[in-house]
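Colleague: I am new to this structure. Please show me how to read the contact between its chains.

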Protein chains: 2
Amino acid sequence: MSLHAVILAGGSGTRFWPLSRAKKPKQFLALVTGRTLIAETFLRVEPLCSSARTWVVCGTDHVEAVRKALPGLPPAHLVVEPAARNTAPAIGLACFHALREDRDATLMVLPSDHHIARPDAFRGALSAAARACANGDLLTLGIDPTRPETGYGYLRRGAEKSAGVFAVETFVEKPDAATARRYLQDPAYSWNAGIFVFRADAMLDALRRHLPQVHETLTRGGDFAALRPISIDYGVMEPESQTTRRIALVSGDFGWSDVGSFAALPEVRTLDPRGNALSGDALAIDCDDCVVLAEGGRLVAALGLRGLCVVDADDALLVIPRERAQDVRAIVDALKAQGRGEKL
Amino acid sequence: MSLHAVILAGGSGTRFWPLSRAKKPKQFLALVTGRTLIAETFLRVEPLCSSARTWVVCGTDHVEAVRKALPGLPPAHLVVEPAARNTAPAIGLACFHALREDRDATLMVLPSDHHIARPDAFRGALSAAARACANGDLLTLGIDPTRPETGYGYLRRGAEKSAGVFAVETFVEKPDAATARRYLQDPAYSWNAGIFVFRADAMLDALRRHLPQVHETLTRGGDFAALRPISIDYGVMEPESQTTRRIALVSGDFGWSDVGSFAALPEVRTLDPRGNALSGDALAIDCDDCVVLAEGGRLVAALGLRGLCVVDADDALLVIPRERAQDVRAIVDALKAQGRGEKL
């Protein structure tokens, strides 16, 4: 087995504005530790596969940001998507590149913007998945749910294929609240975190069967930008699970978080005694459960606040209640409508 | 009658931090209109007395700020207190200077950091007081209370001395809530706003009787800094009211506000349709009854806030609930304790 890491860094988003910008999306922010999320991702898997076998897939806009964040990445391993077409084309591209270098490549596909509190357990699960995929199975990592989350997809496991490795019976859409509460009680359900382990040749085979246009574009040459955007879950994993029993999962509790918004930071960061997540020159007096990020080089003084996010960047400042942190996109939309691209 | 205006600009305070600083206290901030409070004060009385008869008393630290705020003030009318000793010595100093220039001077003493929504009515009351003080009485302007305020002193009026001019029977300390509610219903009570009108020679006479050290220091020369701090109310007006009937008041409703903290701004500023007081590059989405001052040259975006003050200055930012706006001094104290004078 020849293990490679593929870090998907094509994501963009607005939920961390004003820290995140078009040129600097979430994966390039140091939201949890002193390092960027992508650098943490890179270092997290280094014990399993050296940087010489690590790959990053990103868009043209973020090549510089990746180089800066990951100086140890081999330049030839920075794979630039000609256009953002979701994870299936991106993963196909990574398979194609890795196979050119290593006919025996096994890929661990990792989102670049997640946090893992227990990296040892995480690496253990990746190793187990890497062993289990030697037969050509496509493995996914399931996360043991810790709350009745309605914002994620779920995996339902079926028969045990080998010790700790289960066939994936169903890919489940985002459930309603009652269903999510039921899933939380049922050990058969895991969160689908978009983490995959497979032999590159097995994935290209699956792409040929389920997404022949993607396969043809990659292997015979073609217009990548003309491909329709599709995720690997919808495009390959789910149809494959319905036709073969080659989709399997290893699940566990790794302290995983997708760090979905500013509201999630208190769950993953070191807090002060009153539950506040602070950074930079932040002064919080009589505050509880707040996020106060002073990233603009100036003093941010907060007094008497409850459950509020205050985020100061260089040229813009955000104040929003934690329970509305997802709505930051309304601000981004308003700025777009005002033609204020310089702030986006 | 020879009418002069004396603007008291010796005040310092912390309730408008981070906009106000040691070198730039509240009177030098444009908190209500596009002009500073002291410039508004200066312009408000110009119809009654030309700038050639306007005086400003301030401390050495604020000479430059006064010159910048009031370019029309005659340089010789900027009276610098050798030390801050509260209003009695400051007013005595102004009397002394004005009398040297004009033996018949009648002074209107005005705090430099208040707001008056109805300046015509205010000037009418000042004119009535100026007429009434020709006999040597010391006049004060009373404000008709509009709420059961426990933070102010009150004046209780007695017999009518002439049309609309009443003897001041008592100076009342800050009352408790029940008493303040009673005063609100009783037309005999006015707020004491620290606005006075008197002949300068009459005030010097009163100072000689009640504060002989202040009088002697001013008239014979002496160490101003050695004087004990005392207000004109405690030092002159109140004892004079108990021994003579020369203390009188004219009262009215002028839309007066002492602009006591950021929380007061919605009462005196133009608001958006949801009751927010905004300045600079402030973007408020789904906010109610907030104060969002973007005075630091950068975008301040607020979403989903209720009754919060967000104040961005160049090098520091404050977020505090309106009902705790008075507690900003706790932040200033913490910064002092941390030796961070550069922010004060």
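Modeller: This is a predicted model: local features need pLDDT of at least 70, side-chain atom pairs count only at pLDDT 80 or more, and totals for chains, interfaces and linings use all residues. Residues are numbered from 1 along each chain as its sequence is written, while chains are lettered from A and ligands numbered from 1 in the order in which they are written.

Colleague: How many residues does the contact take from chain B and from chain A?

Modeller: Two residues are in contact if their C-beta atoms, placed from the backbone, lie within 7 Å. Here chain B gives 26 residues and chain A gives 26 residues.

Colleague: Which element supplies the largest share of the side of chain B that touches chain A?

Modeller: Helices (H or I, at least four residues) and strands (E, at least two) are DSSP runs, numbered from the N terminus. S17(B) supplies the largest share, six residues.

Colleague: What does S17(B) pair with?

Modeller: Two strands pair if DSSP finds at least two bridges between them. S17(B) pairs with strand S15 (residues 299-303) of chain A, in the parallel sense, over four bridges. B:Ala316 in S17(B) is the bridge partner of A:Leu299.

Colleague: What rotation superposes chain B on chain A?

Modeller: Copies are superposed by least squares on the C-alpha atoms of residues with pLDDT of at least 70 in both. The rotation is 180°, with 0.0 Å of shift along its axis (RMSD 0.0 Å). That is the relation of a two-fold axis. The same surface serves both copies: 100% of the contact residues of chain B recur in chain A.
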